[in-house]
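My notes follow in the order I looked things up.

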Amino acid sequence: DQGFDVIVSAFTAHPIVNPLLGAKTALYLIRPRPIGKLDSRSPQAADAPRVEAVAFSSTRAFIEGDPNKERHQFPFIAAVEKGAIKDVIAERGTTRIVVAGDSMFLGNQEIDKLGNRDFAGYAVGWLLERTQFAQGPGPRPFRTFKIVRTRSELRRAEWILLGAFPGAVL
């Protein structure tokens, strides 16, 4: 089974991906599989879960191995929400699920690629109904540090490190 890594930048308006839309960033998926809602012929109940695809392939995508190579836009990530009936007081909050067609894009090596880490934060915030955390790209860890010292502070530090510490040990 041979697949391809996919960069996803087609999103719908949803709290999970709205900040990604605003920042014009993408997700890096590893061999994603299309997902989606099953078509049901029977009418749905008022409290049925609401399924919304939020991240898609390009419109020119096709499934490898398909002899016709039909080009479609495939959904890769969906948000599912089941809440109380509108205008009815609920005893519990809503039930939320995020479904991704990739099990590895939030793994140790891939989480730092493109917007994967930000997406994980937005998804957790949405799942916990903490949408205030989905305001924009999150903080980035520092990679390098620069310490600024004057010449006299540097000289004092040298005397302490080279003279005072060894002298104290002796």
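**Salt bridges, sheet and helix**

I started with Arg50, which counts as exposed because its relative accessibility is 51%, over the 50% cut-off. I kept in mind that this is a predicted model.

I then looked for what the side chain of Arg50 meets, and found a salt bridge to Glu81 at 2.8 Å, N to O. This pair links distant parts of the chain, with Arg50 in strand E4 (residues 50–56) and Glu81 in strand E5, 31 residues apart. Glu81 is buried, at a relative accessible area of 15%.

Glu81 has another salt bridge, to the side chain of Arg96, at 3.0 Å, N to O. Arg96 lies in strand E6 and Glu81 in strand E5, so this pair ties together parts 15 residues apart in sequence. I noted both Arg96 and Glu81 as buried.

Asp112 is partly exposed at 46% relative accessible area, and Arg117 is partly exposed at 39%.

Next I traced the sheet. It is open, has 4 strands in the order E2-E4-E5-E6, and pairs antiparallel. Strand E2 (10–11) and E6 stand at the edges with a single partner strand each, so one side of each has no neighbour in the sheet. I found 6 bridges joining E5 to E6. Ile77 has Ala100 in E6 as its bridge partner.

What packs on the sheet? I found H2 there, touching E5 and E6, with its direction at about 155° to that of E6.

I checked H2 (residues 116–127) itself: its 12 residues reach 16 Å from first to last C-alpha, close to the 16 Å expected. Its buried residues include Phe119, Tyr122 and Trp126. The buried residues of H2 pack against helix H1 (18–23), strand E3 (27–29), strand E5 (75–82) and E6. Just after H2, Glu129 has a positive phi of about 60°.

Last I looked up Ile97, in strand E6 (residues 95–100). Ile97 is partly exposed, at 45% relative accessible area. Leaving aside neighbours within four places in sequence, Ile97 is in contact with Ala78, Ala79, Val80, Trp126 and Leu127. Ile97 and Val80 are 17 residues apart in sequence, yet their C-alpha atoms are 5.0 Å apart.

Conventions: Residues numbered from 1 in each chain as written. Predicted model: local features only at pLDDT ≥ 70, side-chain atom pairs only at ≥ 80, totals over all residues. Heavy atoms only, no water. Helix = DSSP H or I, 4+ residues; strand = E, 2+ residues; numbered from the N terminus. Buried < 20%, exposed > 50% of the residue type's maximum accessible area, 1.4 Å probe, protein only. Contact = heavy atoms within 4.5 Å. Expected span 1.5 Å × (residues − 1). Pairing = 2+ DSSP bridges. Axes fitted to C-alpha atoms, helices over the stretch in contact; angles between N-to-C directions. Salt bridge = Lys/Arg side-chain N within 4 Å of Asp/Glu carboxyl O.
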